[in-house]
Amino acid sequence: MSSSSENFFQTKVMGHPAGLFVLFFTEMWERFSYYGMRAILVIFLTGMVIGDNPGWGWETPAALSLLGTYALFVYLTPLLGGWLADNKIGYKRAVVIGALLMTLGHASMAVETPTFLYIGIALLIVGNGFFKPNMTSIISKMYEGHDEKKDGAYNIFYMGVNAGAFLGIMLCGWVGEKEGWSYGFGLAGIFMFLGMLQFYFAQALFGNVGDKPIKLTQEQKEEEAKAHPEEKRNPFLIIDYILVVIFVVSALIFIINDPLSKIENIQTLNYDIAGLSDSLFFALLAAISFIVLLIVRIPRYARIERDRMIAFAIFSLFTVFFWAAFEQAAGSLPLYTRDFTNRILEGNSALLFKIVDLVVTVVPLGIITYVLLSLFRQTYKRIGLSNVILAFSFIIVWAIVIYKLSVEFQSTETEVPVTWFAILNSLFIIIFAPLFTKWWDSRYNPPASVKYFLGLFLLGVGFAFLAFGARNVPSGAESASLSMAWLVFAYLFHTLGELCLSPMGLSYLSKLIPARMIAFMFGVYYLAIAIGNKLAHYIGGDIEQITKDYSLSTFFLIFTIVPIGLGLISLMLHPLLKRLMHGVR
């Protein structure tokens, strides 16, 4: 047990090292900025170009194409950022670099010109790559020798994730919709900057954890190779490299062409091959080449390892389709909320909403403020400047919250912001996550195939509510006044599905995959989420066309039938998956 790890536990907050709560708040501000920006991006891009708070009037496919490409790279760049931190610059420096780049990205988007929008999104993508993987790496290093504390640590950390998402969507969304889009984007950047400063001036708490890695001597490399001779097993062959090149080139052609052709009408890469336009041929070629790569590589492993990797690959395939449906929450659902939902409340309904909004805003923020005060009491002498910056951040948050609530209570008529509904996901996670944790820890913990079935089934049920609610909206309709209840039910069931399926991916990765192959299959899993995100907004961009040709209900029926069907397939595959997992539950 390392002495540095022991030192962390000398200064505790709520039974855990104080450094964990520095990471909690750093991650919270990053998620605040990420979800806050994402909540208003599509509404801003597709908004009318006239009015009190005009948007850019983009076509829906163009806006969602940009969001999809951004979301895809958000899940791929951490693979490179994690490698750079592990081998070159260290975790702490990577986090600071990532936070600074994301601050500049949000500031750039606040300028509200196309050039600065693209620059801003590029900076956010690269910054996320440096930031995202290295926060959890620092936690892992902090808790070396304290494995019994890790589960609790990650639960606390992910509460910070959800707290940031909750506050970011609520405040950036409200400020963006009510005060101006630039203010919403700018607010995201302000808190990313404050989060960076808070982390930078708290590095003393982490000792040498996360420092620049020490370069191994040749003798040390040889000793490490002797200690792990199996790591050279199944090296990449020429056929593997050829398939990787085909996959990367084909995927890039599709990924780059999609936004270029839809936003700027640049058709340079828009090939029409075999009757597949819009570079869909290359998307299909990329998918086939990657599947062939798995088919070629996986059988070369020993039988048990091979079988478990096949099982995980099947789970990753289900993951693609789960996120392709779930991530409608960032694309088509805000458009549905804006154009087809009755968000005007009067009289008792308005008063009830104001009270609910007051409670769901103040109570979580009060709890997080209590955590801040606990950290402040334990660490003020060691990281005083960091704590002052953190306290200043909360003063700003409370000021915005008080201003927001005062404006709402002064009005007789209330228009619920489009972005308000997106906070329901984080709110439901905070409410239901402890119940699911108890379920997974009990003797009634279901097998993996059942969890994937439940996740996909509940996701489909959520869309079924939207499809049913929109059943009377005629084909080609551009607006309607549907009940907000359908959205609430949808977000509830989507969140329950997420709690069943989303945490399982990394859990089964650690259980099924030998340590020496974790990196490769981690890449496969993140690639599955990235593809799911891109697919979500590629399909979601057709919401207007499908509504015109068929109906709005038909659009949501697609996301009802496909997940439920895949969930049933997962259930039917249970005997096969059980054999492939060789005793892993």
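Is Glu 408 buried or exposed, going by its relative accessibility? Glu 408 counts as buried, because its relative accessibility is 9% and buried means under 20% relative accessible area, with exposed over 50% and partly exposed in between (1.4 Å probe, protein chains only). The views below all come from a predicted model, where local features need pLDDT of at least 70, side-chain atom pairs count only at pLDDT 80 or more, and totals for chains, interfaces and linings use all residues. Residues are numbered from 1 along each chain as its sequence is written, and side-chain values use heavy atoms, with hydrogens and water left out.

**View 1. The whole chain, before zooming in.** The protein chain has 22 helices and four strands; helices (H or I, at least four residues) and strands (E, at least two) are DSSP runs, numbered from the N terminus. The radius of gyration is 24 Å, close to the 25 Å from the globule rule for 585 residues, so the protein chain is as compact as a globular protein of that length. That radius is taken over C-alpha atoms, and the rule is 2.2 Å times the number of residues to the power 0.38. Along its principal axes, the C-alpha trace spans about 75 × 65 × 50 Å. Buried residues make up 54% of the 585. Take the contacts (heavy atoms within 4.5 Å) with a separation of 6 or more: residues 24 or more positions apart account for 83% of them.

**View 2. Glu 408 and its neighbours.** You'll find Glu 408 in helix α14, which covers residues 384-410. Leaving out residues up to four places away in sequence, Glu 408 touches Trp 174, Lys 354 and Asp 357.

**View 3. Gly 540 in helix α19.** Gly 540 sits in α19 (residues 518-540) and is buried, with a relative accessible area of 0%. Its contacts, not counting residues up to four places away in sequence, are Thr 60, Leu 64, Gln 328, Ser 332 and Phe 555. Now look for Gly 505: it is 35 residues from Gly 540 in sequence, and the two C-alpha atoms are 24 Å apart.

**View 4. Helix α21, end to end.** Helix α21 runs over residues 552-572, and at 1.5 Å a residue its 21 residues should span 30 Å; the end C-alpha atoms are 31 Å apart, which agrees. The expected span here is 1.5 Å times one less than the number of residues. Among the buried residues of α21 are Phe 555, Phe 556, Phe 559, Pro 563, Ile 564 and Gly 567. Phe 555 is also one of the residues that Gly 540 touches.

**View 5. Pro 503 between two helices.** Pro 503 lies in the loop between α17 (485-501) and α18 (504-512). Pro 503 is partly exposed, at 43% relative accessible area. From its C-alpha atom to that of Ile 423, 80 residues away along the chain, the separation is 19 Å.

**View 6. Two residues with positive phi.** Most residues other than glycine have a negative phi. Glu 112 is not a glycine, yet its phi is positive, at about 65°. Glu 112 lies in the loop between α4 (91-109) and α5 (114-142) and counts as partly exposed, at 24% relative accessibility. His 582, also not a glycine, has a positive phi of about 50°. Look for His 582 in the segment after α22 (574-581); its relative accessible area is 25%, making it partly exposed.
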